[in-house]
2 protein chains.
Amino acid sequence: MDATVTLKDVAARAGVSVGTASRVLSGHSATSPAARERVRAAATELGYRVNARAQALRSARSHAVGLLVSDVRNPFFADIAHGAEQTALASSYVTLLANANEDTAQQDTYLDVFLTQRVDGIIIAPQGEGRGNLRALEEARVPLVFVDRVVDGFDVPSVTADNAQGVELAVAHLAEQGHTRIGYIGGPPSVSTGRARLSAFLEAVARHHLDDDPALITAGDFRRASGGTAAAKLLAHHRPPTALLAADSLMAVGALAEVRQRGLRIGEDLALVAFDDIEWFGELDPPLTVVAHDARALGATAMRLLLDVIDGGTAESVVLPMRLIPRRSSAARPHTAASHPSV
Amino acid sequence: MDATVTLKDVAARAGVSVGTASRVLSGHSATSPAARERVRAAATELGYRVNARAQALRSARSHAVGLLVSDVRNPFFADIAHGAEQTALASSYVTLLANANEDTAQQDTYLDVFLTQRVDGIIIAPQGEGRGNLRALEEARVPLVFVDRVVDGFDVPSVTADNAQGVELAVAHLAEQGHTRIGYIGGPPSVSTGRARLSAFLEAVARHHLDDDPALITAGDFRRASGGTAAAKLLAHHRPPTALLAADSLMAVGALAEVRQRGLRIGEDLALVAFDDIEWFGELDPPLTVVAHDARALGATAMRLLLDVIDGGTAESVVLPMRLIPRRSSAARPHTAASHPSV
């Protein structure tokens, strides 16, 4: 027996991935008969012996993973959860969901619960500055993947959307239609997507030579009500914006309702572009122009990375592209809005 | 020491609920200092001794409960989950969510996971006929509460909406406006709400002397696409309905999109009423008339019942009322639709 033979050697000899080799040797059901035969033959040939401690850990697997979403009522995170869960089930892993409710203390509570429940790994859309249990998890080397959001200073693989590209698509779209005063409804600075989208917005405003009036910048909390509050503030300005860009879907819906209550029409008096494409956004009044990422793909990719890490592999972070889906909400031109200066 | 002194006696002497007495005596943190003092004094006075086996069970508590929703992407279930979770946290219980994805096999998988994870109890929006793990759970006397849906033949406390009342409100509203041919987009007969709403619809049609043409009855699966398919089928009839009633929110959105694709206008050419009020339904084009139940209250009430059962109490089933919220989608009158007979 050669003690230096690794799982990687077995996988290479068998012509399968390290993950597959690991699953076969740990008796996992999600493997094909052909793969099982090849891996076992390779292990015998090479004299591979599973490390006793690794074996013990492996046999102690719960085959459950934890997924901590920021807000279970945000359809964007529900789509992430669905994508992650279906990918996990295809590898015989089950997903336990928990809801941080955009609250750092609640995030800590659930990370603790996941550890107590001995999940094999955790996917999290994190918030806060990474103190508390998030740091403890990293130090305990619990397999961990960030989805949608990241926390600076963590060496954790992540699957995120290309926020800078998304903001640029939105601003370029509005600039092309002649808008120079775009009101920005951003996310909270405590969340990486809140920070990344704001800095991308400031850069895009400079790049397109638009009005960089600081009064055009507001921040909400990724919840519906805060989008309405932000829109009210922007529209109360003596020179209101002619277009709005909302950094998430729920805030966009809040802004839409607020604008309507003021007797203005989105798509006619005021343009609106939102982050995140939710499946019913095309049925809103008016249909919303969005910069979209595929939430289901975010969830599925994050789960694939996590299963790789659980199987002892390494995972590279992935950035998924965004795309613009123009609909009627951004059809308003600036001169239309200029005819309503008293709003 | 009097072996016949029960927890109930201690609670009565201390002037607190059985649940509170149980929490104090099991060292649970979610108790007030005053309650702790009174319960401990009462236990000493009465010579109460915690049953050893009960004590063992109690100390083995995970303080985690499982919540199995039918479809995590349905905002109605996300609201139920949020209500349940906030109620649990207020009693120092955490909630592990899982998604059955409207699939009985996946439901069985997650019930099994919850047992493996040793949750203290389970809330489920069940589907299927109650074979498999659901029956096993009941037989193992795992604290169990049904929410939104029930399964016949189970002696399990439930929190449901008054489906018959909801359907009657919707049908009466449409009948008042002169509609006699109402197309029904129902849920699957394998789900109790699917069956209950269909039978309530048939009764309401008879009560209001409306057209009982069987061609007006269709069934979807509580998913968006099925609402579109059902609407297409209804509108293809040589005498199409002048109003639609959709038995859930996602099917209503599917029907809305299908009607629009056919060049018809909901609220003008055709009336639409939907079950479930989702927070953005008022922003749809047109705003949707709904029969609403308070999903958050359903979740919160179910969690209160479950915590009572976990604490050794009994729980009575609760039926929550529904109410009609009229909006523009039901403004269409039958004569308008009659001018489009060729659709």
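## Basis

Local features of this predicted model require pLDDT of at least 70 and side-chain atom pairs pLDDT 80 or more, whereas totals for chains, interfaces and linings use all residues. Residues are numbered from 1 along each chain as its sequence is written, chains are lettered from A in the order in which they are written, and side-chain values use heavy atoms, without hydrogens and water.

## Relation of the two chains

Chain B is superposed on chain A by a rotation of 180° with 0.1 Å of shift along its axis, at an RMSD of 0.2 Å (least squares on C-alpha atoms of residues with pLDDT of at least 70 in both copies). The two copies are thus related as by a two-fold rotation axis. The same surface serves both, since 100% of the contact residues of chain B recur in chain A (contact: heavy atoms within 4.5 Å).

## B:His82

B:His82 lies in helix 5 (residues 75-90) of chain B; helices are DSSP runs of H or I with at least four residues, strands are runs of E with at least two, and both are numbered from the N terminus. B:His82 is buried at 3% relative accessible area (buried: under 20%, 1.4 Å probe, protein chains only).

Among the residues that B:His82 touches, beyond those up to four places away in sequence, are A:Asn99, A:Asn101 and B:Arg296.

## The sheet of chain B

Six strands of chain B form an open sheet of mixed pairing in the order 7-6-8-9-10-12 (strands pair if DSSP finds at least two bridges between them). Strand 7 (217-219) and strand 12 (323-325) of chain B are the edges, each pairing on one side only.

Strand 6 (residues 182-186) of chain B pairs with strand 7 of chain B in the parallel sense over three bridges, and B:Ile185 stands opposite B:Thr218.

Methods
Buried < 20%, exposed > 50% of the residue type's maximum accessible area, 1.4 Å probe, protein only.
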